[in-house]
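Hello,

Here is the structure I said I would pass on. My notes follow below it.

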Amino acid sequence: MAESILKIHTQNGDIPVGYPGLANKPIADKTLSEEGAFADSKVVGDKFKEVKTETDSLKEDLDNYIHKPNLEDDDKFPRAKNGSVEWVEQGLPTDDQTSSAINSWLNAHPDATTTVQDGAITENKINANFLHYIKNGYFTPEMFGAIGNGIADDTESVQKCLYFKKSNGYNVFLSGKYKITNPLIITGYSINIFGNGQILYDGIDFAIKIHCCVNSNITLNRIDAPNGRGIYFYGTSNKDFNQYINLYINNIHAKDICIKYDKNHYSWSNEIRIYNTRFSSTNYTAGNNSIALQINSDGTEPINGWHLTNVGFEGIDIGVELKNTDISKDRRISIALINLRFGENIRKIIKTSGYCYFLLLTANKYTRKDFFELSNLTWGVIYGNVTSEDYGYLSSTCIIDKGLFCPTNLQSNNLSFTDSRVKIDLNEISTYLTNINIRTNNDCELILNEYYNYKGIREFKINVFNQGTNLTIKNRNNVVIGTLNNLKLAVYTLYFIDDNNTLNSYYCSK
């Protein structure tokens, strides 16, 4: 072997080599392998050394990531991540699972995505157009997906907005035109709906239904239900009632009924106040029985505190209809109507059945007697220039007693009993009398009309010019309610002392 190292074999024979350093270098030996193959064995050995070094490094990494966790990794499990291993708690979800779970929860809890005050999310995650509403505690249907263009169906979005925090009180801001295909339900305590929003209802039911709602305000520009109705108040149990609700709605347009309330023995709706609303009906014609406000009572409890202020019955057949199945004074329907607007083409301002009471304050020149259809159990007061059927002056104040008009500020008209006229029937006379003269010694008979009673013309005078006369007084049903015998020369004042038309009198000497 030494010789082969110190010599180089050539075709001309062996040539001695004077470089002893070559002894440390491999020389291809044909007797061991193919020519030159032996010289490559050193390179192969070097590769084995490199592989071993890398293998040792991998073992060290594996020990670091798996076999040698930190103390805080006790009871944890390895999980591959980004080409390496991390230690995790048992059952920890993946990032995708976590993201999916969070998104699902946020979709089910929209308040978490719209609340800045409690720090649930940061402001930069909210559309800047809504920040000033949210910071002031306002919510809008648009935050729940509404479009508000009057074309897209916004029913679900508006309803979600109205239901949000319904038990704690909140503010809803409506600014668009919201088309709905099903009634909206409003319920809760201290709800404030405001803005210039419009509700466009494409259905035959009520556009809005209100129940179990207390101390709330509802402001809208318009409710349009050309094939349906406007607002419905109702209750479902003895704990489901409506009270202290203010409606500020510029226009309510409906097919036949704009606002309706059905009272049953389970619940009630009192102190409902309606302001500045114009009521109208679809394709209005006189006699189409369209109604601005209808209140129906089963008579189990009184209904009171309803107010209509500055409302207009324009393009509506009946302004207010009160229907009470009970005839008890203690369970009556009561309503106040202040500063009504209506035209000459309205058929009835108020229509009643059962026991009802109303207060009407108006300066409308068309407040005519035949604009009222009142039951004989209706009482009330009208302050305004009430006219007769032919628009003749009647009174600036009228008391309604058992459905009848009773003017209270009549002029003192005089009529006399004479020898040729011993009977006077005020039902046959077109005027009202507060002074009656007796100028005969014959017995006389006076028949009063509907306006003379405890709440109408409460008293009148009899001037006696011929003493000794007897006077019999009857009501409009020809029933005797009083007699004056052997009259003196005096002025007798007759007055009613109770609802039963009991008549009393006193006199003074002339």
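**Aromatic rings**

Phe206, Tyr232 and Tyr234 are joined into a cluster by ring pairs. This is a predicted model, and a search of the whole structure turns up 10 aromatic pairs. One of them is Tyr232 with Tyr234, a stacked pair with 5.5 Å from centre to centre and 10° between the planes. Tyr232 counts as buried, at 17% relative accessibility, and Tyr234 counts as buried too, at 18%. Both calls rest on the cut-off for buried, which is under 20% relative accessible area.

Phe233 pairs with Trp306: the ring centres are 5.7 Å apart and the planes stand at 80°, so this pair is edge-to-face. Phe233 belongs to strand β13 (residues 229-233) and Trp306 to strand β19 (residues 303-309), so the pair ties together parts that are 73 residues apart in sequence. Phe233 is buried, with a relative accessible area of 0%. Trp306 is buried as well, at 1% relative accessibility.

**Leu322**

Leu322 sits in strand β21, which covers residues 318-324. Is Leu322 buried or exposed? Leu322 is buried, its relative accessible area being 0%. Leaving aside residues up to four places away in sequence, Leu322 touches Ile295, Ile333, Ile335, Lys351, Thr352, Ser353 and Cys356.

**Second largest pocket**

The second largest pocket holds about 220 Å³ of space. Its lining is made up of 16 residues, and Lys402, Asn475, Arg476, Asn477 and Asn501 lie nearest the centre. By class, the lining of this pocket divides into five nonpolar, six polar and five charged residues.

**Confidence**

The protein chain has an average pLDDT of 79, and 72% of the residues score at least 70. Over residues 29-38 the pLDDT stays under 50, and the model has seven contacts for this stretch beyond four places in sequence. Residues 115-123 also have a pLDDT below 50; that stretch has 18 contacts in the model beyond near neighbours in sequence.

Regards

Technical notes
Residues are numbered from 1 along each chain as its sequence is written. This is a predicted model: local features need pLDDT of at least 70, side-chain atom pairs count only at pLDDT 80 or more; totals for chains, interfaces and linings use all residues. Side-chain values use heavy atoms; hydrogens and water are left out. pLDDT is the predictor's confidence in each residue, from 0 to 100. Contact means heavy atoms within 4.5 Å. Helices (H or I, at least four residues) and strands (E, at least two) are DSSP runs, numbered from the N terminus. Buried means under 20% relative accessible area, exposed over 50%, partly exposed in between (1.4 Å probe, protein chains only). On a 1 Å grid over the protein atoms alone, a cavity is a set of points where a 1.4 Å probe fits but cannot get out, and a pocket is an open set with protein on both sides within 12 Å along at least five of seven lines; lining residues have an atom within 4 Å of a point. Grid points are joined across faces, edges and corners, and a volume is the space filled by probe spheres set on the points. Ala, Val, Leu, Ile, Met, Phe, Trp, Tyr, Cys and Pro count as nonpolar, Asp, Glu, Lys and Arg as charged, and the others, Gly among them, as polar. Rings of Phe, Tyr and Trp (its six-membered ring) pair if their centres lie within 6.5 Å; planes under 30 degrees apart count as stacked, over 60 as edge-to-face and the rest as tilted.
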